[in-house]
Structure formats: structure tokens, C-alpha cells
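Subject: Handover of a structure

Hello,

Please take over the structure below. My notes on it come after the model.

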Amino acid sequence: SRGLGDVYQRPSIHYSFTVGGSMDLPRTELDAVFDRAFNTWTEIDCGGSPVGFQVRRRAEDSLCTVPEFVSDGGNVNSMAFVDNWSERGNAPAAYALTTTWFRRSTGEIVDADMELNQENWEFADCATRECTLEIDLENTVTHELGHFFGLAHTDVEEAATRG
């Protein structure tokens with residue numbers, strides 16, 4: 001017989017915010033926004049079954065301030081709010097970037113780091129307040145999490161837009 005613990009035993013994906021977090025939102029709001037964005041993906045019904053993993057935020061902040069993968073360990077999936085976006089050579093109009101590392105032989109993602117452009121944009125939790133010029137952080141993070149989970153952009157047009 002299986003206990004309740006067996007039913008809910010799913011692999012975990014962990015992530016951390018980098019030290020300093022966001023200059024636009026307090027940590028409690030960041031936690032809430034990221035929780036909602038991750039839930040958008042993890043609550044997807046896969047043919048009557050939940051996705052095969054759960055997401056957990058690490059209590060300690062990451063010291064990794066640039067996206068990187070270290071092959072001999074010490075990696076963390078980092079969420080970084082970046083002040084020096086231009087110095088990094090990133091496009092100024094981009095709200096965020098996600099970099100993933102994976103094994104070519106299996107497609108297994110071994111690390112993913114998200115950078116959010118707080119040099120050029122102001123982020124807000126638009127689910128809890130009216131936004132005018134700010135960028136909706138939840139929408140941005142939900143989009144980037146698609147990359148975090150291995151999805152890419154497509155250049156295929158939607159049938160509805162083809163008149």
C-alpha cells in the first residue's frame with residue numbers, strides 16, 4: 001500500500017532570487033508574483049495528471065549575479081534583477097532574458113537563470129494595483145518561465161492572424 005507521501009512525491013525544481021532582489025517591489029510581493037507565475041505552469045492539467053515536478057523557492061538568496069552553469073556543481077536557478085543591463089550587452093528594449101543549459105544527449109535542463117531588466121524598466125504587481133507605465137512583472141515572469149522549462153519562441157504565425 002502507498003502512503004500519502006508516496007502520492008505526492010514528485011521531483012522538485014528549486015530557484016532563488018539573487019541578493020538584493022528588486023528595487024521596485026518588496027520581497028513579499030516578489031514571492032507572491034513568482035508563486036503565481038510558477039503556478040500558472042505547474043497547475044496545467046496533463047491528461048488528468050499534474051505535471052511531474054513541483055517548484056520550490058530556496059529560503060537563502062543566490063550569490064550568482066550572472067547567468068552561468070558550472071559543470072562540477074554549485075549551480076542554482078537564479079532570478080536576478082539586473083541594474084547593469086546595458087553593460088551586459090543585452091537589448092535595452094527587452095524586459096527579461098532566460099538562459100538555459102541542457103544535456104544535448106537527453107534534453108534534460110541542468111540549469112536555468114532569469115535576468116530581469118530593472119535598468120530600463122520599472123516592474124509592478126499589476127494584479128494588485130493599477131499599472132500605467134510599469135511593466136507587469138507576473139506576465140513577464142510567466143513568459144520567461146516558458147523558457148525556463150525549455151520552450152522557445154516560434155516564428156510560426158497563428159492561423160487567426162493570417163486573414
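The notes go from the whole chain to the sheet, and then to the pocket and the cavity.

This is a predicted model, in which local features need pLDDT of at least 70 and side-chain atom pairs count only at pLDDT 80 or more, while totals for chains, interfaces and linings use all residues. Residues are numbered from 1 along each chain as its sequence is written, and side-chain values use heavy atoms, with hydrogens and water left out.

Overall layout

The protein has 3 helices and 7 strands; helices (H or I, at least four residues) and strands (E, at least two) are DSSP runs, numbered from the N terminus. Along the sequence they follow the pattern α-β-α-β-β-β-β-β-β-α. The C-alpha trace spans about 55 × 50 × 35 Å along its principal axes. Of the 163 residues, 31% are buried, where buried means under 20% relative accessible area with a 1.4 Å probe, protein chains only, exposed means over 50%, and partly exposed lies in between. Contact means heavy atoms within 4.5 Å. Among contacts with a separation of 6 or more, 68% are between residues 24 or more positions apart.

The sheet

Five strands form an open sheet with mixed pairing, in the order β2-β1-β3-β5-β4. Two strands count as paired if DSSP finds at least two bridges between them. The edge strands, each pairing on one side only, are β2 (54-57) and β4 (96-102). On average, neighbouring strands of this sheet are turned by 20° against each other, direction ignored. Such axes are lines fitted to C-alpha atoms, for helices over the stretch in contact, and angles run from 0 to 180 degrees between N-to-C directions.

In general, strands of a sheet pair through backbone hydrogen bonds, either parallel or antiparallel. Going through this sheet in order:

- β1 (residues 12-17) runs parallel to β2, with 4 bridges between them; S12 has Q54 of β2 as its bridge partner.
- β1 and β3 are also parallel and are joined by 3 bridges; S16 is partnered by S78 of β3.
- β3 and β5 run parallel with 4 bridges; M79 stands opposite M114 in β5, and V82 stands opposite N117.
- β4 and β5 are antiparallel over 7 bridges; L97 has E115 of β5 as its bridge partner.

The hairpin of β4 and β5 has 6 residues between the strands, and there G107 takes a positive phi near 85°.

How covered are β3 and β5? In β3, 6 of its 6 residues are buried, and in β5, 7 of its 9 residues are. In a regular strand the side chains alternate between the two faces of the sheet. In β3, N77, M79 and F81 point one way and S78, A80 and V82 the other, and all are buried.

Helix α2 (residues 27-42) lies across β1, β2, β3 (77-82) and β5 (109-117), and runs at about 150° to β1.

The pocket and the cavity

Both were found on a 1 Å grid over the protein atoms alone: a cavity is a set of points where a 1.4 Å probe fits but cannot get out, a pocket is an open set with protein on both sides within 12 Å along at least five of seven lines, and lining residues have an atom within 4 Å of a point. Grid points are joined across faces, edges and corners, and a volume is the space filled by probe spheres set on the points.

The largest pocket holds about 280 Å³ of space. Its lining has 14 residues, and I13, N77, I109, V110 and D111 lie nearest the centre. The elements that give two or more residues to this lining are β1 and β5, and β5 gives the most, with 4. By class, the pocket lining has 6 nonpolar, 5 polar and 3 charged residues. Here Ala, Val, Leu, Ile, Met, Phe, Trp, Tyr, Cys and Pro count as nonpolar, Asp, Glu, Lys and Arg as charged, and the others, Gly among them, as polar.

The structure holds 1 cavity of 30 Å³ or more. The largest cavity has a volume of about 50 Å³, and its lining includes T18, C64, R88 and D113. At least two lining residues come from each of β3 and β5, with β5 giving the most, 3 residues. The cavity lining divides into 5 nonpolar, 3 polar and 3 charged residues.

Regards
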